[in-house]
Amino acid sequence: MTTAGLALRLVERHFATRDGELVLGGVSVRELAERFGTPLYVYDATVMRAQLGRLREAIPARVEVFFSVKANPNVDVLRIFVGEGAGLEIASASEYLRARAAGCAPDRIVFAGPGKGREELARVIEGGVGEIHLESEEEIALVDALAGEEGRRVRVALRVNPRAAGGAMQMGGQSAPFGFDEERLEEVARLVLRHPRLDLVGLHLYGGTQMLRAEVVVAQWEATVRLGLALAQVLGRPLESLDFGGGLGVPYFGKETELDLAAVQRGLGEKVGPTLGDPALAGARLVVEPGRFLVGPAGVYVTGVRAVKTSRGKTYVVTDGGMHHHLAASGNLGQVIKKDYPLVHGTRAFAPEALLAVVTGPLCTPLDTIGRAVELPETRAGDLVCVLQSGAYGLSASPVGFLSHPMPAEVLVGDGEPRVVRSRGTFEEPLVGLPG
Ligand SMILES: *Cc1c(COP(=O)(O)O)cnc(C)c1O
């Protein structure tokens, strides 16, 4: 399947069109662009709720979904998930404040991260938190000391870096700065137990992101259960908590297909479900903490075309949006091979393709390329080009200060009237503060 094919399939799956115009949360993208200006991030709450519903159907009923805030920290996005009964997974003190601003109860927040600072830990412990996921020996001592200063006990879990899970799975087994190697599980658990203010309640495993194969997801859950049982053995008591991590993928590039949730459901039912009834796990809170899967498909980055030009046989569509707002789409966020995100023309999504274009942004660098070989219909200045799958790791994972362009607005649709959930920056103050 070509990238254009994937883009059109995603439009049909998650959104609608009206007279060829892309419609997000009931409003045409043309109207959104006119009302709120471009470039613009649009998040559709309907799609977030649908993704959450799909996931809940696929996992055992007991498992609770916590949204991973770093995928999209907009407070109004968090509010949608919290409103649907999800908890939140955070990785900084500011994410903690956002989680609280979104109305998340402290005991429904878990805190992970390989290098948590003293001040942020103090802030989170003071405010109250469900669990802190411990990732180093220094952190074990620090959390215990801070708990002492606050005069309270803190619930902690061990983040574990698993051994390789067999065969072609290629899951885990790598060297990583995150958590403790599985080989040290017993030793580290005993160390935590020697700290009087820490309640070691369970275990957390986060193997990696963008899993598109059901058997890899199932293998990760199996590894988590296996390690959870091992920890319970060391503790000599049942676990209170087990966290399966996130990492569920969404398709971005031509040949990728959606994660087969029916296969995930079957696999978990066969290989994980029965063990969850083990006395060591029967009373535990079970958590899965995806980010990308829940919010990625809900976001569209809408750019306005400023120029269409040719240079030595190539056509360039120059837009007002680019890598400063969407590093991932430019291929510069961790991609080894730069491939094109799914792009569609905003008002003629299904019109016959007329050009093969390089879609760029306004920055003075060749890095600022949003698409390298994009099939588009007839396209002129003033048209809209939309980047799909942009709800996760978009704006907050981008070098927004580069070239001092104003931050784009973020707009939420599908939850009543479209509304600005973060306002556009100005020339005077391009980087308006994060909302919250
Ligand atoms: C980033 C992260 C997640 C979310 O990952 P996705 O791939 O977006 O699902 C979950 N848990 C932890 C600990 C993370 O660091």
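Modeller: Gladly! Let's start with one word: a residue is called buried when its relative accessible area is under 20%. This is a predicted model, and in helix α1 the buried residues are Leu 6, Ala 7, Leu 10, Val 11 and His 14.

Biologist: How do you know that these residues are on the same side of α1?

Modeller: Look at the arc they cover around the axis: it is only 140 degrees, which puts them on the same side of α1. An α-helix has 3.6 residues a turn, so residues three or four places apart point the same way. Among the elements that cover the buried residues of α1 are β1, β2, α3 and β16.

Biologist: How do you know that the span of α1 agrees with what it should be?

Modeller: The expected span is 1.5 Å times one less than the number of residues. For the twelve residues of α1, 3-14, that should give 16 Å, and the end C-alpha atoms are 16 Å apart, so the two agree.

Biologist: Nice. Why is Ser 28 called buried?

Modeller: Its relative accessible area is 10%, and the cut-off for buried is under 20%, so Ser 28 qualifies. Ser 28 is in strand β3 and touches Glu 21, Leu 22 and Val 23, leaving aside residues up to four places away in sequence.

Biologist: What makes the link between the side chains of Ser 28 and Glu 21 a polar contact?

Modeller: The distance is 3.1 Å, and the limit for the N or O atoms is 3.5 Å, with one able to donate a hydrogen and the other to accept it.

Biologist: On to the rings. Why is the pair of Trp 221 and Phe 244 called stacked?

Modeller: There are seven aromatic pairs in the structure. In this one the ring centres are 4.0 Å apart and the planes are at 10 degrees; centres within 6.5 Å make a pair and planes under 30 degrees apart count as stacked, so the pair is stacked. Trp 221 in helix α9 and Phe 244 in the loop between β12 and α10 are 23 residues apart, so the pair links distant parts of the chain. Both residues are buried.

Biologist: And what makes the pair of Phe 253 and Tyr 341 edge-to-face?

Modeller: The angle between the planes is 70 degrees, with 6.0 Å centre to centre, and an angle over 60 counts as edge-to-face. Phe 253 and Tyr 341 are 88 residues apart, and both are buried.

Terms used
Residues numbered from 1 in each chain as written. Predicted model: local features only at pLDDT ≥ 70, side-chain atom pairs only at ≥ 80, totals over all residues. Heavy atoms only, no water. Helix = DSSP H or I, 4+ residues; strand = E, 2+ residues; numbered from the N terminus. Buried < 20%, exposed > 50% of the residue type's maximum accessible area, 1.4 Å probe, protein only. Contact = heavy atoms within 4.5 Å. Arc of directions from axis to C-beta.
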